[in-house]
Amino acid sequence: ALEEAQKAIQQLFGKIKDIKDKAEKSEQMVKEITRDIKQLDHAKRHLTTSITTLNHLHMLAGGVDSLEAMTRRRQYGEVANLLQGVMNVLEHFHKYMGIPQIRQLSERVKVAQTELGQQILADFEEAFPSQGTKRPGGPSNVLRDACLVANILDPRIKQEIIKKFIKQHLSEYLVLFQENQDVAWLDKIDRRYAWIKRQIVDYDEKYGRMFPREWYMTERIAVEFCHITRTELAKIMRTRAKEIEVKLLLFAIQRTTNFEGFLAKRFSGCTLTDGTLKKLESPPPSTNPFLEDEPAPEMEELAIEKGDLDQPKKPKVPDNPFHGIVSKCFEPHLYVYIESQDKNLGELIDRFVTDFKAQGPPKPNTDEGGAVLPSCADLFVYYKKCMVQCSQLSTGEPMIALTTIFQKYLREYAWKILSGNLPKTTSSSGGLTISSLLKEKEGSEAAKFTLEELCLICSILSTAEYCLATTQQLEEKLKEKVDVSLIERINLTGEMDTFSTVISSSIQLLVQDLDAACDPALTAMSKMQWQNVEHVGDQSPYVTSVILHIKQNVPIIRDNLASTRKYFTQFCIKFANSFIPKFITHLFKCKPISMVGAEQLLLDTHSLKMVLLDLPSIGSQVVRKAPASYTKIVVKGMTRAEMILKVVMAPHEPLVVFVDNYIKLLSDCNTETFQKILDMKGLKRSEQSSMLELFRQRLPTPPTGPEGSSSLSLLAPTPEQESSRIRKLEKLIKKRL
């Protein structure tokens, strides 16, 4: 069985070997068959390439011969089509340039191109002689076809044709408008633009079909005219700079910008790729002066009166690519315009001053609020006009120079028209004077502002507020108009601060006037014999006097500041901050005080508190809630006055209870205040010394840290205390005089 198995294996191996040998023979046979097929494929591909190359060679050879023949016969129409084909065919032979015959054909093509270029240039020179006096009647078909050939040739040929044609086309312009000609000056600048417009029409009629549309010949002629005009105008203006006047300069600039606008409507600006003007160098938003729809003058004045320079405008059309292509030459001479505006604004301010003196202060206006001075609207309308006009001339340094002029006359307006016309008071006009000290008597009726003067102050305040808001808008508009690189140099913050100062001064005058009117009543309060008051009655006469003055002044001020409520609120707050400390100061002067007297004073204090809380809407038919900030000041100040009187009313024995009650009610650690209250109670010095000693012992120890520093700050003199010291000094000087 084993031997039989071995024999079967040997037979199996033999069969496998036979199969392997047969497979190798089959593989060899397949290789022999496919080798022949590959050879046939290669032969077919090479044969196809050879046939194609021979065809191209035949076309190239025939094309070169035909090209040379057609060039000699000036058959440019056929040459244009043939030359492009020859160029395309020649591209297939780049890898065969090592073959002499191919290289020879390539050189013949280059020679033919060179001859074509020279021949076409000669034809154009003959048709449009640069030195000729007359131009041919019209173009020829030969030249039109020659332009098609030039499109295929070296681009320098096309540029040369364009350059020569434009130069010849504009040669008449250079002669007509030479520097020594009368028509060359700015007053006849219209004739320049009328001439080129006629030339453009003439070109379209005669040569419109001769040059390919993609050459943009009409636009190129116009652009070259602009470059020549800018150079010539700059030259003649340098020579005759002294003859340039503002009206003449503005006339020339207006006509030039109109012409640039005409070019923008007619052409796309695609040829502005180099030269002195950089094509479409994106200007900042809102600096396109020609295509911006400015509101009509009537609308401008209306906008200015409303304090709003931001009138809605129509959507802007795309920027003018021709902006400045000619008008750039006027920029070095814009100092004439700036100087003129400086002079005009100076005269305008002087006229405002004269008119104000002639017309006098504005009449009282208690129905519609304080009127803004009309001169203010006139000033900003003029500013708007200048800004728009200058932005049409330039968005560079001249705009910065104009901004400086604006700043100068904004300050002058604030000083001469607003601050200069504020009514003068003794304290605000040079401080203390000998005559004022001699005339003034303590307790006498203070000189009050008249109704007209109060209305004038309110009018100036409203005008200053209008100027402040409009100056801020003016700054924003100037930044829109000027180049991006110059925006940081436009800053009207100083001028806005000046108007803020005028507002503060006006409010301070109103406060001082009402404050001074109340002074005699407070003086009368401090001089009353409060220890002799026997019974508590209605409010005292001095309270009635204070309320009367408040009812006289505040409604007038409120009605004249109806359009500026926030500044009326400021007036109320400043008056409260001035009157209440003064009232407390006079309260301390009421000594000694009996129990009944203290009760009467407490009643008076409560009456004043109610009047002050009602101050913003006093005498008004429409009751409006007072601002929280104002109410807080009045409640805090007058509550302190009430607490002082309550401490005065409290019995001083036992001493410890009195001192603790004082500390609890007033929270004041100042011994001077405690001393004043003891004086109001009419205590003797011997009694006061023991109570002061006890007061110092009972004082709470100040905590360390920020709370301690805040409590210590109570000891620092307040502005009211400082002002009282100044008044003491004035009284001392009066006594010596």
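These are my notebook entries on a predicted model, taken topic by topic.

**Entry 1: nonpolar patch**

I looked up where I9 sits, and it is in helix α1, which covers residues 2–73. Its relative accessibility is 46%, so I9 goes down as partly exposed.

**Entry 2: nonpolar cores**

Next I went inside. Which residues touch the most other members of the largest nonpolar core? They are F124, F211, F330, Y413, I550, F571 and F579, in a core of 190 residues. I picked F579 and listed its contacts, leaving out neighbours within four places in sequence: D515, C518, L522, V546, L608 and L612. There is also a second, separate core of nine residues, with V64, L90, F93 and I102 among them. As background for myself: in soluble globular proteins, nonpolar side chains tend to be buried together.

**Entry 3: aromatic rings**

I get 19 aromatic pairs. The one I opened is F211 with W215: the ring centres are 5.8 Å apart and the planes meet at 35°, so I log the pair as tilted. Are F211 and W215 buried or exposed? Both are buried, and F211 is already on my list of residues touching the most other members of the largest core. I also noted one aromatic cluster, formed by Y173, F177, Y193, W195, F225, F259 and F262.

**Entry 4: A184**

F177 from that cluster turned up again when I looked at A184, which touches F177, Q178, E179, R192, L233 and I236, not counting residues up to four places away in sequence. Where is A184? I found A184 in the loop between α5 (155–176) and α6 (189–207). Its relative accessibility is 0%, so A184 counts as buried. For I236, one of its contacts, I checked the spacing: A184 and I236 are 52 residues apart in sequence, with a C-alpha to C-alpha distance of 8.1 Å.

**Entry 5: salt bridges**

How many salt bridges are there? The count is 15, and I went through a few of them.

D190 pairs with R255, and their closest N and O atoms are 3.0 Å apart. D190 is in helix α6 and R255 in helix α8 (residues 246–266), so this bridge ties together parts 65 residues apart in sequence. Both ends are partly exposed: D190 has a relative accessible area of 33%, and R255 has 31%.

E243 and R240 also meet through their side chains, at 2.9 Å from N to O. I have E243 as partly exposed at 40% relative accessible area, and R240 as partly exposed at 25%.

Then I looked at E642 and K609, whose closest N and O atoms are 3.6 Å apart. E642 belongs to helix α19 (residues 628–649) and K609 to helix α18 (residues 595–613), so the pair links parts 33 residues apart in sequence. Are E642 and K609 buried or exposed? E642 has 11% relative accessibility, so it counts as buried. K609, at 12%, counts as buried too.

D515 was in my notes already, as a contact of F579.

Technical notes: Residues numbered from 1 in each chain as written. Predicted model: local features only at pLDDT ≥ 70, side-chain atom pairs only at ≥ 80, totals over all residues. Heavy atoms only, no water. Helix = DSSP H or I, 4+ residues; strand = E, 2+ residues; numbered from the N terminus. Buried < 20%, exposed > 50% of the residue type's maximum accessible area, 1.4 Å probe, protein only. Core = buried A, V, L, I, M, F, W, Y, C linked by side-chain atoms within 4.5 Å. Contact = heavy atoms within 4.5 Å. Phe/Tyr/Trp six-rings, centres within 6.5 Å; stacked < 30°, edge-to-face > 60°. Salt bridge = Lys/Arg side-chain N within 4 Å of Asp/Glu carboxyl O.
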